[in-house]
Structures are given as C-alpha cells and as structure tokens.
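Open the structure in your viewer and get ready to select a few residues at a time. This tour tells you what to pick next and what you will find there.

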Amino acid sequence: MADGKRGEDSAVALKTSPSSAVMAGGLRGVSNPLEEWSGRVKAIEAGFRAWMAKQPIQIEAAVTTAVGAVQGGALGGLMGSLTADGGSPFPIPQPPPNANPEAMASFKQAQALAGGPLVQARNFAVMTGANAGISCVMRRIRGKEDIQGSMAAAFGSGALFSIVSGMGTPNPVANAVTTGVAFAVFQGGFFMIGQKFSKPPSEDTYYSRTRSMLHKLGLEKYEKNFKRGLLNDQTLPLLTDSALRDVKIPPGPRLLILDQIKRDPELVRAK
C-alpha cells in the first residue's frame, strides 16, 4: 500500500512539475525547420519580385540576364563535367591538320555540344542569359508574355549561342540566323503546346491583367481573393485600399498593388 501511495504521488508530481509543463509546451511549439526555411525563401523571392517590378526596364533586364547566365553557366559546367573527353564514352576525334572548311565546321559543332566544363558553361550562360534578358524586355514592352516575345528571345539566344560556340564556321552570320530561326520555331511550338494544355477557363480571361500584375509582384496567392470579391480587370482603375481590405488582403500587399496600378498605365487602359 505504501509503495502504491508513493507511486501515485510521484506520478502527480511529474504531471504538475513546471519543468515538465515547459518541456511539453516547448515540444508542441517546435516548428518544422523545412517549412520555416521554405517560407523565408518565398518571402525573399516575393520581395525581390516586388523590387524588380519597380525598377527601370534596363535594370530589370540586366539583373534578369545576369541571373539567367549564372543558372545556365552552372548547368553547362555540370553537363560539361559529365561529358568531358576524359569521361565521355564517345570522345570527339581531332580533325586532320589539312581538313576542309566543311569538316572543320562539323568539328566545331560537335565541340560546342560536347566540350569541357568551361566551354559548356560559357555556351549555356550566353544562351540562357540572352533568353532571360530578351524575354524580360519583350514582356515589359508588350505588357504580357506571349508567343512573339518567346520566339524573339529564342531567336536571340540561338544566334548568340551559335556565335560564341563557333558553330558558324566558315559562315558564322548565316549559321547564326539559321540556328536562331531553329530555336525560335522550337520555342514557339513548345509555347503553343503549353498554352493548349494550360489554357484558363473562359471566365478567367477577365483576370488576365490582374493575374499578370499579381505574378509580377510575387502576390499570385491573392488571386483567389480578387475572384472572391469579383475584382477583375475592369475594376483595376477603381481599386481602393478599402476594397482590397474587404477581400482580406493584408496591408503590405495592398500598398504594393495600389502602387503598381499607379505606376503602370497599361493595367488600367480600356480593352
């Protein structure tokens, strides 16, 4: 009986111990590190997009080109390290010293597609950087992302890729144009296929400018708030802080949205 009494007292003490309560509360309050890190990354990305949207076109184009070049260079360096002559199952044979221009051109093309890490990093950096920069400029000029802008970016990136990789020997200009046209045709085809499979419902066409604006600001998650309040493209010129507050949009995003509408006359033009 005495032992049972002491066991019950010990259990009660453990349940009511302040340290145990604190520990239990701490365990319940532990957040998921992965979710916290993902939230911070998204917040930084949204802030960066909002900052970019306020910059002049030349600043946005330069930053976008640099980011695209860094990403392409990293990808090209990785591919080059996997397909370098030392580790490639299909090494590139060296051309004879007296090879004719056509043979040299073929060798240059093979070298451009299967060179070492530095060669591939350079080629991919130029290609992806040019594509990102031209796409950015076309999007700002045309006010939307369409097939014409996509094909123009692909043509420019293909032509520059041909020039820097040496694929155009012995006629670099003609080959650059041909490569650019091929890139543009492929990109246009992919764009049309993507549009066909991701075409929004007919009622969403009334939110095209609204959706573009929110995406540019990194606030696309508030698109459902706009639809819930029936705030579409036609109501953009009439938006006020109170209207955005009524659809449960926080103060920070409200300020960014109203500032973007004030700065971008394309958003409020009649269509």
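Predicted model: local features only at pLDDT ≥ 70, side-chain atom pairs only at ≥ 80, totals over all residues.

**Stop 1: two rings**

Select Phe 161 and Phe 183 and show their side chains. How are the two rings placed against each other, stacked, edge-to-face or tilted? They are tilted, with 35 degrees between the planes and 6.2 Å from centre to centre. The count of aromatic pairs in this model is one, so you have it on screen, because ring centres must lie within 6.5 Å to pair.

Phe 161 belongs to helix H7 (residues 147–165) and Phe 183 to helix H8 (residues 172–197). The pair links distant parts of the chain, 22 residues apart.

Phe 183 has a relative accessible area of 27%, so it is partly exposed.

**Stop 2: a charge over a ring**

Next, select Lys 227 and Tyr 207. The charged end of Lys 227 sits over the ring of Tyr 207, at 5.6 Å from the ring's centre.

**Stop 3**

How many salt bridges does the model have? The count is seven.

Start with Arg 245. Its salt bridge with Asp 241 has the closest N and O atoms 2.7 Å apart. Both residues lie in helix H11 (residues 241–246), four residues apart, which is about one turn of the helix. Arg 245 is partly exposed at 45% relative accessibility, and Asp 241 is partly exposed too, at 27%.

Then turn to Arg 254, whose side chain meets that of Asp 241 in a salt bridge of 2.9 Å, N to O. Because Asp 241 lies in helix H11 and Arg 254 in helix H12 (residues 251–263), this pair ties together parts that are 13 residues apart in sequence. Arg 254 is buried, with a relative accessible area of 10%.

**Stop 4: along helix H12**

Stay on H12 and select Asp 259 and Arg 263. Their side chains meet in a salt bridge of 3.9 Å, N to O. Both residues are in helix H12, four residues apart, or about one turn of the helix. Asp 259 is partly exposed at 25% relative accessibility, and Arg 263 is partly exposed at 44%.

**Stop 5: the second largest pocket**

For the last stop, select Lys 42, Ala 46, Gly 218, Leu 219 and Lys 221. Of the 14 residues that line the second largest pocket, these lie nearest its centre. The pocket has a volume of about 290 Å³.

Which helix gives the largest share of the lining? Helix H3 does, with six residues. Show H3 (33–53) together with H12, and you will see helices that each supply at least two lining residues. By type, the lining divides into seven nonpolar, two polar and five charged residues.

Methods:
Residues numbered from 1 in each chain as written. Heavy atoms only, no water. Phe/Tyr/Trp six-rings, centres within 6.5 Å; stacked < 30°, edge-to-face > 60°. Buried < 20%, exposed > 50% of the residue type's maximum accessible area, 1.4 Å probe, protein only. Lys NZ or Arg CZ within 6 Å of the ring centre and 35° of its normal. Salt bridge = Lys/Arg side-chain N within 4 Å of Asp/Glu carboxyl O. 1 Å grid on protein atoms, 1.4 Å probe; cavity = no way out; pocket = protein on both sides within 12 Å on 5 of 7 lines; lining within 4 Å. Points joined across faces, edges and corners; volume = space filled by probe spheres on them. Nonpolar A, V, L, I, M, F, W, Y, C, P; charged D, E, K, R; others polar.
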